[in-house]
Amino acid sequence: MSHVSSHSPHGQTPHGQTPLHTVQVLGGAGAGSCAHVRSLAAGLAARGVRVTVCAPEEAVRAYDFTGTGARHVHVPRSGDPASVAALRVACADADLVHAHGLHAAFRAVLALTGRRTPLVVTWHHHAHAHAAGARARVLRMLERRVAKTATVVLGASSDLVDRARRSGARDARLAAVVLPVPRRRGLPEEAEEEPDRRLHKARAELGAVDRPLVLAVGALERGRGYDVLLDATRAWRHLDPLPLLVVAGEGPERAALQHRIEDEQLPVRLVGRRDDVPELLAAADLAVLPGSPDSRPVLAQEALHARVPLVAAAVDGVPELVGDGAELVPREDPAALATAVVRLLADPVRRAELRDRGTAQAATWPTEDETVAQVLSVYDELTQPVPYS
């Protein structure tokens, strides 16, 4: 019995056919890949595709994959030996497996050993961009194994497609990872207020009522440039009023960053993981992205959608993503980062220009529906029987 085309609407299946079953594999709880998989799962389920999401429990708690109509199977993080066995069982009746990220993809390769199930892999970021020594060598080895084994590798940016090809991919294609347009959370009627009043309250909570507010968002971990960002704040300590940098996110580097902030008396607040990032962005004068392992960072997409001027390090796929809609600075250059922030804070005309350019750039990105349709076309190509001539 063959499965129905993945483009069939609303789950309608012709007689004698079964819905396509795809297994989406996540290795962790990264914001970009999880939001992308949730969007994919919703779009696939709406088109009648059976979707199983294999992910750790923490990812499911944060992104509610089952709310899209998908089934969830708990698969431990990549370091757990039980993960491959659990994944092999989950993929037993899959028509196609789609893994997101290097570690998830490598586990999928192991789980599918001896099977002819097509494997699609999406590379969201450079897995070993900040690794060194033995770890970097291991990651390169895993990357080559995944690239050579996958049926199709989808790169979130052109540089990742090129990397996949250099690593031995038989078929590597560009497939933008587009996040849902951020929407503000609904407020109860009694809390509905004028936008200016809501923004004032948000700034007051952060301690930035009468001073510029600069916002950074992301996990507090190595490779995201927070050390460079803290260095940059030292260069604007002479300004009056003194800009406040607020960093929303949590991670293993928090203690070290907090120590620096206190020891050097930097104008920085770490506010932890937040679920109101759209509101924080709306209240900010500028957003900053000092570095990111992702080729299409969540903050960059959210800032341009929200019309918030963005200063970003020109790393990996970021220039391709933002175009002329953001102020780009060299990577790991605190002086350039500080100069860009100070200039923008003093130049409302340039900030307005960046808002308009950012909106125009965001309008060029594929929509969620277009992204799902592109992925579905790949699925159909790999799973539909070839007709006899």
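Mentor: Start with a term: a salt bridge is a side-chain nitrogen of Lys or Arg within 4 Å of a carboxyl oxygen of Asp or Glu. Keep in mind that this is a predicted model.

Trainee: OK. How far apart are the closest N and O atoms of Asp-276 and Arg-274?
Mentor: They are 2.9 Å apart, and the two residues form a salt bridge.

Trainee: Is Asp-276 buried or exposed?
Mentor: Asp-276 is buried, because its relative accessible area is 11% and the cut-off for buried is under 20%.

Trainee: How many salt bridges does the structure hold?
Mentor: There are 19. One of them joins Arg-47 to Asp-369, with the closest N and O atoms 2.5 Å apart.

Trainee: Where are those two in the chain?
Mentor: Arg-47 is in the loop between helix 1 (31-46) and strand 2 (50-55), and Asp-369 is in helix 15 (residues 368-383). They are 322 residues apart, so this pair too links distant parts of the chain. Asp-369 counts as partly exposed because its relative accessibility is 48%.

Trainee: Which residues are linked in a network?
Mentor: Asp-231, Arg-234, Arg-260 and Glu-264 are linked in a network of salt bridges.

Trainee: New topic. What about the inside? Which residues have the most contacts in the largest nonpolar core?
Mentor: Val-97, Leu-119, Trp-123 and Val-146, in a core of 35 residues. Several elements give two or more residues to this core, including strand 1 (21-26), strand 4 (96-100), strand 5 (119-123) and helix 6 (158-166).

Trainee: Which element gives the most?
Mentor: Helix 4 does, with 7 residues. In soluble globular proteins, nonpolar side chains tend to be buried together.

Trainee: Back to charges. Which residues gather in the patch of positive charge on the surface?
Mentor: Arg-137, Arg-140, Arg-144 and Lys-148. Of these, Arg-144 lies in helix 5 (residues 133-149). Arg-144 has 40% relative accessibility, so it counts as partly exposed.

Trainee: What is the phi of Asp-64?
Mentor: Phi of Asp-64 is positive, about 45°, although Asp-64 is not a glycine. The residue is in the loop between helix 2 (57-63) and strand 3 (71-74). Arg-307 also has a positive phi, near 60°. Its place is the loop between helix 11 (298-305) and strand 12 (310-313).

Trainee: Last one. Is Pro-297 buried or exposed?
Mentor: Pro-297 counts as buried because its relative accessibility is 2%. It is in the loop between strand 11 (286-289) and helix 11. Pro-297 and Gly-218 are 79 residues apart in sequence but 9.2 Å apart in space, C-alpha to C-alpha.

Definitions and conventions. Residues are numbered from 1 along each chain as its sequence is written. This is a predicted model: local features need pLDDT of at least 70, side-chain atom pairs count only at pLDDT 80 or more; totals for chains, interfaces and linings use all residues. Side-chain values use heavy atoms; hydrogens and water are left out. Patches are made of residues with over 30% relative accessible area and no salt bridge: like charges are joined within 9 Å, nonpolar side chains (Val, Leu, Ile, Met, Phe, Trp, Tyr) within 5 Å. Accessible areas come from the Shrake-Rupley method with a 1.4 Å probe; for residues, only the protein chains shown count as cover. Lys and Arg count as positive and Asp and Glu as negative; His and the chain ends are not counted. The place of a charge is taken as NZ of Lys, CZ of Arg, CG of Asp or CD of Glu. Helices (H or I, at least four residues) and strands (E, at least two) are DSSP runs, numbered from the N terminus. Buried means under 20% relative accessible area, exposed over 50%, partly exposed in between (1.4 Å probe, protein chains only). A nonpolar core is a set of buried Ala, Val, Leu, Ile, Met, Phe, Trp, Tyr and Cys residues joined through side-chain atoms within 4.5 Å.
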